[in-house]
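Open the model in your viewer and keep the selection tool ready. The tour goes from one selection to the next.

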Amino acid sequence: MTLPNRSKIEAKGVSVFYGDNQAIRDVSLNIDQDRVTAFIGPSGCGKSTFLRTLNRMNDTIAGARVEGEIRLDGDDIYASGMDVVELRARVGMVFQKPNPFPKSIYENVAYGARIHGLARSREALDAVVEQALTRAGLWNEVKDRLKDSGTALSGGQQQRLCIARAIAVDPEVILMDEPCSALDPIATARIEELIHELRGRYAIAIVTHNMQQAARVSQVTAFFHMGQLVEHGDTAQLFTSPREERTKDYITGRYG
Ligand SMILES: Nc1ncnc2c1ncn2[C@@H]1O[C@H](COP(=O)(O)OP(=O)(O)O)[C@@H](O)[C@H]1O
Ligand SMILES: [Mg+2]
């Protein structure tokens, strides 16, 4: 049985400029609810830039300008009435380098939930923290040391803590920008396993420079080159019979 392809995010004709430099050129791409989308392509091709348009993180970069249209469940996220703080809770982000706050494990996860008013009592907050840590596959490792600093965890645990922090504010989409590039192979495998477990509950887009990882974790792959979306589609198809010459060159290692 094949899953219906429900689009969670629809990007149409998106261009991004840093001052005079155009980093993304007229990209149209949907992010599915049920299928993980991987962004691949050589360094500097615009993967992170495009990912950041999906929750308006480029707004925080001076001189960055976004054109085109991005809809989340049909709503234009660049509309003037859009609450960007709320948007970034709905579309959470996990970065390359794990970046826990210098606070306790508990506080790292509770912080956003409290700010967004997701728990009315201490018991409710405890439950949010436990659920987020459980979904991030970290609960059993930290349940007896919730007061320890988040920064004292291993790199892989820190990254799962950052995923728990994103999950705690009840997101609909999780964006990951090379979430394993600072991790060892075992911690990487744990995150990849987690992506499988989270699929379907959250729409997921992941940037990776590792093509094997894209093949393992995603069902849809989007290949970017010099700011353009060269091709995208079913992951297995893209890696075995790419339509475009540039894709073929990239996946066969002719440039990187
Ligand atoms: N904050 C920024 N300010 C100015 N230019 C940027 C910024 N971030 C990225 N760029 C430029 O945009 C292009 C795409 O970069 P990026 O999105 O980081 O690519 P990737 O993630 O694929 O490596 C590059 O030319 C890069 O130099
Ligand atoms: Mg990048």
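Two residues are in contact here if their C-beta atoms, placed from the backbone, lie within 7 Å. Keep in mind that this is a predicted model.

**Stop 1: two helices**

Select residues 155-168, helix α6, and residues 185-198, helix α7. Their axes are 9 Å apart, and the helices pack at an angle of about 25°. That makes α6 roughly parallel to α7. The crossing of α6 past α7 is right-handed.

Now show the side chains of the contact. On the α6 side, pick G155, G156, Q159, R160 and I163. They meet A187, R190, I191 and L194 of α7. By type, this contact holds four nonpolar, three polar and two charged residues.

α6 lies across both of them. With β6, α6 makes an angle of about 170°.

**Stop 2: the whole sheet**

Select the six strands of the open sheet. In what order do they come? Reading across, the order is β6-β7-β8-β3-β9-β10. The pairing is mixed.

Go to the edges next. These are β6 (91-94) and β10 (228-234). Each has a single partner strand, so one side of each is left without a neighbour in the sheet.

**Stop 3: from β6 into β7**

β6 and β7 run parallel and are joined by four bridges. Pick V91 and look across to V173 in β7, which stands opposite. Then pick M93; the bridge partner of M93 in β7 is L175.

Now select residues 173-177, strand β7. Five of the five residues of β7 are buried, so this strand is largely enclosed by the rest of the structure. In a regular strand the side chains alternate between the two faces of the sheet. Check the directions in β7: V173, L175 and D177 point one way. I174 and M176 point the other way. The charged D177 is among the buried residues.

**Stop 4: β8 and its two partners**

Move on to residues 203-207, strand β8. Is β8 enclosed or open to the outside? Five of the five residues are buried, so β8 is largely enclosed by the rest of the structure. A203, A205 and V207 point one way from β8. I204 and I206 point the other way.

β8 pairs with β7 in the parallel sense over five bridges. Select M176 and find I206 of β8 opposite. Then select D177, which stands opposite V207.

Turn to the other partner, strand β3, residues 37-40. β3 and β8 also pair in the parallel sense, here over three bridges.

Select residues 105-115, helix α3, and residues 122-135, helix α4. The axes come within 9 Å and cross at roughly 115°. This crossing is right-handed.

Show the contact. From α3 take Y106, V109, A110, A113 and R114. From α4 take L125, V128, V129, A132 and L133. The contact of α3 with α4 divides into nine nonpolar residues, no polar ones and one charged.

**Stop 5: two backbone angles**

Finish in the loops. Select R56, in the loop between α1 (47-53) and β4 (64-72). R56 is not a glycine, although its phi is positive, about 60°. R56 counts as partly exposed, with 17 C-beta neighbours inside 10 Å.

Last, select M226, in the loop between β9 (220-225) and β10. Phi of M226 is near 50°, a positive value in a residue other than glycine. M226 is partly exposed, with 14 other C-beta atoms within 10 Å.

Conventions:
Residues are numbered from 1 along each chain as its sequence is written. Chains are lettered from A and ligands numbered from 1 in the order in which they are written. This is a predicted model: local features need pLDDT of at least 70, side-chain atom pairs count only at pLDDT 80 or more; totals for chains, interfaces and linings use all residues. Axes are lines fitted to C-alpha atoms, for helices over the stretch in contact, and angles run from 0 to 180 degrees between N-to-C directions. Angles under 35 degrees count as roughly parallel, over 145 as roughly antiparallel, 65 to 115 as roughly perpendicular and the rest as oblique. A crossing is left-handed if the near helix is turned anticlockwise from the far one by less than a right angle, and right-handed if clockwise. A residue is buried if 20 or more other C-beta atoms lie within 10 Å of its own, exposed if 12 or fewer, and partly exposed in between; C-beta atoms are placed from the backbone. Two strands pair if DSSP finds at least two bridges between them.
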